Amino acid sequence: MDSFYAGWFSLIPPILAITLALLTKEVIFSLFLGIISGTLIYSLGIGLNPLTGTVGTAFELISSSADLNIIIFVCLLGALVSVITLSGGSKAYGKWAASKIRNGKLALAAAAGLGIVIFIDDYFNCLTVGTVMKPLTDKYKISRAKLAYIIDCTAAPICIIAPVSSWAAAVGSSLEATGYYHSGFQVFISTIPLNLYAILSLIMVFMIIFTRKDYGPMAAAEKAAKHFSPDSARTDSVHLTDASDAGTVADMLLPIVSLILFAVLSMLYTGGFFTIGDTYMDIEAAFGDCVTSQSLVWASFGALLVSLVMFVPRKLMTFSEFMNGITEGFKSMVPACSILFLAWTIGAVCRDLLMTPEFVSNQLASSHIPAFLLPAIIFVIAGFLSFSTGTAWGTFGILIPIVAPAAYTLAPQLLTVSLSATLAGSVLGDNCSPISDTTILSSAGAGCDHIEHVSTQLPYALTVAGCCIAGYLAAGLTNANVVITLVISAVLMVVSVFAAHAIWGKRNFEADMKNK
């Protein structure tokens with residue numbers, strides 16, 4: 001299909017999708033109408049029939065824009081998550097942890113550690129960590145709100161900086177679709193050091209755990225939890241009732257380790273590392289030239305085979321139960337796949353049909369916005385969109401095709417940090433939004449009231465966000481110097497947490513004195 005330069009009209013599809021998502025809270029519906037609006041503008045612009053041209057072009061783009069390898073990988077990943085859960089590996093980890101952990105700090109550290117280990121998918125993280133750690137955190141009178149915060153901040157933030165994850169696959173695919181990059185995987189790797197929100201969130205989790213410098217509603221929740229009795233726990237919405245009682249910790253760890261190993265080997269293979277002859281590559285070049293989506297499909301399939309060999313012969317489940325687990329895992333990934341399809345398509349509408357990137361690039365090139373402000377502005381915009389829509393995937397799917405050419409035109413030296421800011425802002429909004437599936441699953445996994453989780457986590461997330469803005473301003477001024485950016489951001493965050501804790505403590509002390 002030939003492109004049509006739509007000018008300001010090229011902004012209608014993403015703006016309409018975002019506005020509708022704000023009003024309806026229905027991301028899939030909003031993305032689809034955004035696509036239809038774009039194909040209608042295209043049809044009118046080049047003289048196609050407004051009805052058949054609009055609908056036909058929309059579905060042609062949906063079918064042609066999809067990366068089926070990524071869809072297969074996401075589905076196989078869901079299947080792997082399902083069978084690991086059914087094997088009883090997560091339950092076994094909980095029992096093992098209970099025998100080793102002797103205080104509340106270690107209980108929370110174990111929850112955070114488990115969240116980091118389960119980096120392949122945020123759904124798996126949320127449901128597993130909460131289910132296995134609730135008994136321990138209840139035992140040490142830790143609030144469910146604190147557990148939900150730990151779960152949420154070791155879900156999306158770790159997935160967005162893990163090279164082998166469903167998130168990495170989606171980001172890499174979106175980057176390659178812009179046409180600016182040969183290897184989306186290589187570019188994704190380059191964004192990790194300056195993905196400030198993900199990095200600072202993980203640092204803050206452990207700082208809060210070991211210093212106990214709580215503030216805001218979280219401090220109040222922790223104080224109330226000291227009078228909490230595990231026997232009076234609210235009814236939990238997530239259980240592992242179907243999981244085997246004979247599973248071991250290895251049943252959770254070995255399939256994940258095999259997934260990572262197979263992914264690395266597959267990427268090296270598709271990148272030509274094992275080729276004999278003049279085209280033999282070094283490891284870095286092989287990773288740069290690998291076919292990421294295909295490699296992840298092979299890896300997830302291999303991990304499923306490892307799970308089959310581990311679980312069925314030992315009678316942790318029957319072959320029929322194993323296959324049913326795969327089916328249920330596929331079902332669990334339908335929402336993610338739907339968002340992926342539509343995010344890819346609206347990106348194609350803007351990029352290939354309406355030439356939105358060229359329009360935005362031209363506007364930025366003629367504007368007088370200081371280049372150093374670009375990463376910070378992108379971070380704020382991405383955070384707002386993700387918070388409003390409740391989806392990080394939809395946000396970076398919309399923004400990456402716009403940010404890449406805009407940053408390349410305005411400040412090529414800030415291209416990588418601008419992409420990092422896009423991903424960081426997407427996770428910020430996802431982390432805060434009450435309509436985010438990750439936030440909802442974190443509440444459910446921890447057995448915490450959803451609104452309580454949102455309200456207790458928000459001050460922490462905003463603290464990190466403020467430090468990220470300062471960091472991205474520093475990155476803009478230093479041409480994305482990683483060391484300076486990280487040091488400024490981290491030091492500011494430590495100071496902010498201690499200051500907020502001191503201010504909160506002083507206010508509580510004064511309030512207690514007045515009540516006496």
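**View 1. A patch of positive charge on the surface.** Lys105, Lys141, Arg212 and Lys226 gather on the surface as a positively charged patch. The model shown is predicted. Two members of this patch, Lys141 and Arg212, are taken up in the next two views.

**View 2. Lys141 in the loop between α7 and α8.** Although Lys141 is not a glycine, its phi is positive, at about 55°. The relative accessible area of Lys141 is 32%, so the residue counts as partly exposed, the range for that class lying between 20% and 50%. Lys141 belongs to the positive patch along with Lys105, Arg212 and Lys226.

**View 3. Arg212 in the loop between α12 and α13.** Helix α12 covers residues 196-211 and helix α13 covers 217-225, with Arg212 in the loop between them. Arg212 is not a glycine, yet has a positive phi of about 55°. Arg212 is classed as partly exposed because its relative accessibility is 47%.

**View 4. A nonpolar patch on the surface.** The patch is formed by Leu261, Leu265, Tyr269, Phe274 and Trp298. Together these residues have about 520 Å² of accessible area. Helix α14 (residues 249-270) supplies the largest share of the patch, 3 residues.

**View 5. Tyr269 in helix α14.**

Terms used. Residues numbered from 1 in each chain as written. Predicted model: local features only at pLDDT ≥ 70, side-chain atom pairs only at ≥ 80, totals over all residues. Heavy atoms only, no water. Patch = residues over 30% accessible without salt bridge, like charges linked within 9 Å, V, L, I, M, F, W, Y side chains within 5 Å. Areas by Shrake-Rupley, 256 points an atom, 1.4 Å probe, with all protein chains shown as cover. Salt bridge = Lys/Arg side-chain N within 4 Å of Asp/Glu carboxyl O. Lys, Arg positive; Asp, Glu negative; His and termini not counted. Charge placed at Lys NZ, Arg CZ, Asp CG, Glu CD. Buried < 20%, exposed > 50% of the residue type's maximum accessible area, 1.4 Å probe, protein only. Helix = DSSP H or I, 4+ residues; strand = E, 2+ residues; numbered from the N terminus.
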